[in-house]
Amino acid sequence: MKLPVAETTIDRIYRHYEQHSDDGFRPHLGASLIGDPCHRSLWYSFHWCTLASFDGRMLRLFETGQLAESRFTDNLRAAGVRVHETDPGSGQQFRVTACDGHFGGSMDGVGLGFVEAPKTWHVIEMKTHSDKSFKELVKKGVQEAKPRHFAQMQVYMHLADNGPLKRAYYLAVNKNTDELYGERIKHDKALATALVNKAAAIIASDLPPEKIHQDPSWYQCKFCDHHAICHGQQVPEANCRTCLHSSAIEDGEWHCARYDCIIPEANQRTGCQSHLYLPDMLLSFAEVLDSGEYWIKYRLKSNGQTFITGEAPEQFTSSEIRSVEDKSLLTDENLVSLKHQFNGTIKEGK
């Protein structure tokens, strides 16, 4: 018979991961994501629309993949491959960048001495797989079974510092059986160029691209992190990346037009009191009627009534718009009156 407990040791382990995890927001659009067929999903990710919400078990699973890399490296060296996990010149992980520093990623390593081509340097990509995923990989190969991984390696080869590397080596393990799979990938200049151009277009766009599908139950949509925003009325996170005042500029930096300053990354994550959503982020439930220098007037699609978001006390802040689940409350006369009379603020319920 199990003793009844309010919390178990396992619960505490998982909670530790949750308490020490980050928000999932990358400073750049990652090469590991660029193979995603949905441009809108990539745009949402670049603009930090959805906070990461993985539970402790999933966070531990991610760590398992990271821990496997040292074993992969030992295995390759035992097989006679000369592996560099970091750049000998900088001592840092090999990185590639493009699009004024707003696109890029970090390689697992580079290697020389593979039996299949001993004199050719390879980008090395290491991945762990479930049994089902691994079997599909063995059957179909990386390009068909894991197109995002394939695209990631193409970008790494293409943007390597000393000219494009011509080959990559994909090393994978079946977590159920410990079986290994290796595949050499050839650099495809046309595909890699198209992927970098895709990233550039997403980064430069002030508007979210078209949805990959209008049906919220579409297989590529229903498991997307941004499903509630794209197909529902969830409002994105209120930070500098979702604000109409900010824009991506050179050297991987962001500029605020409201205060005419460069925005440090830490500040980008929190935003400020002057935050105004890019209007198309609210298009699922509201449309713009009018705007001024520091305010926007919207018409709510559900009832045709209006609300104003801005900096004035009687106007709704972005955080308040996000906090209200029933958007019709934004046009409720009593709520607006109370807010104005008592200089109140709407908070998200627990």
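## Burial and overall build

Of the chain's 350 residues, 38% count as buried. Keep in mind that this is a predicted model. As for surface, the accessible area of the chain comes to about 19600 Å², and carbon and sulfur atoms account for 50% of that.

The C-alpha trace spans about 75 × 65 × 40 Å along its principal axes. On the secondary-structure side, you get 12 helices and 14 strands. Take the contacts between residues at least 6 apart in sequence: 60% of these join residues at least 24 apart.

## Charges

Counting side chains, there are 39 positive and 46 negative ones. The centres of these two sets sit 7 Å apart.

## A three-stranded sheet

Three strands line up as β1-β4-β3 in an open sheet with mixed pairing. At its edges are β1 (29–30) and β3 (95–98), each of which pairs on one side only.

Now for the β3 pairing: β3 runs antiparallel to β4 (residues 103–106), and four bridges connect the two. Within this pair, V96 stands opposite G105 of β4.

## Nonpolar cores

The largest nonpolar core holds 59 residues, and the members touching the most others are L29, I34, F103, M107, V142, F285 and F307. Helix α6 (residues 147–159) is the top contributor, giving seven residues to this core. Another core lies apart from it, with 11 residues that include F72, V81, V83 and F114.

Setting aside neighbours within four places in sequence, I34 has contacts with L29, L42, F103, A151, V155, L195, K198 and A199.

## A closer look at G109

G109 belongs to strand β5, which covers residues 109–112. Is this glycine buried or exposed? G109 counts as buried because its relative accessibility is 0%, and the cut-off for buried is under 20%.

Which residues does G109 touch, once neighbours within four places in sequence are left out? The contacts of G109 are H84, E85, F94, H122, V123 and I124.

Conventions. Residues are numbered from 1 along each chain as its sequence is written. This is a predicted model: local features need pLDDT of at least 70, side-chain atom pairs count only at pLDDT 80 or more; totals for chains, interfaces and linings use all residues. Side-chain values use heavy atoms; hydrogens and water are left out. Buried means under 20% relative accessible area, exposed over 50%, partly exposed in between (1.4 Å probe, protein chains only). Contact means heavy atoms within 4.5 Å. Accessible areas come from the Shrake-Rupley method with a 1.4 Å probe; for residues, only the protein chains shown count as cover. Lys and Arg count as positive and Asp and Glu as negative; His and the chain ends are not counted. The place of a charge is taken as NZ of Lys, CZ of Arg, CG of Asp or CD of Glu. Two strands pair if DSSP finds at least two bridges between them. A nonpolar core is a set of buried Ala, Val, Leu, Ile, Met, Phe, Trp, Tyr and Cys residues joined through side-chain atoms within 4.5 Å.
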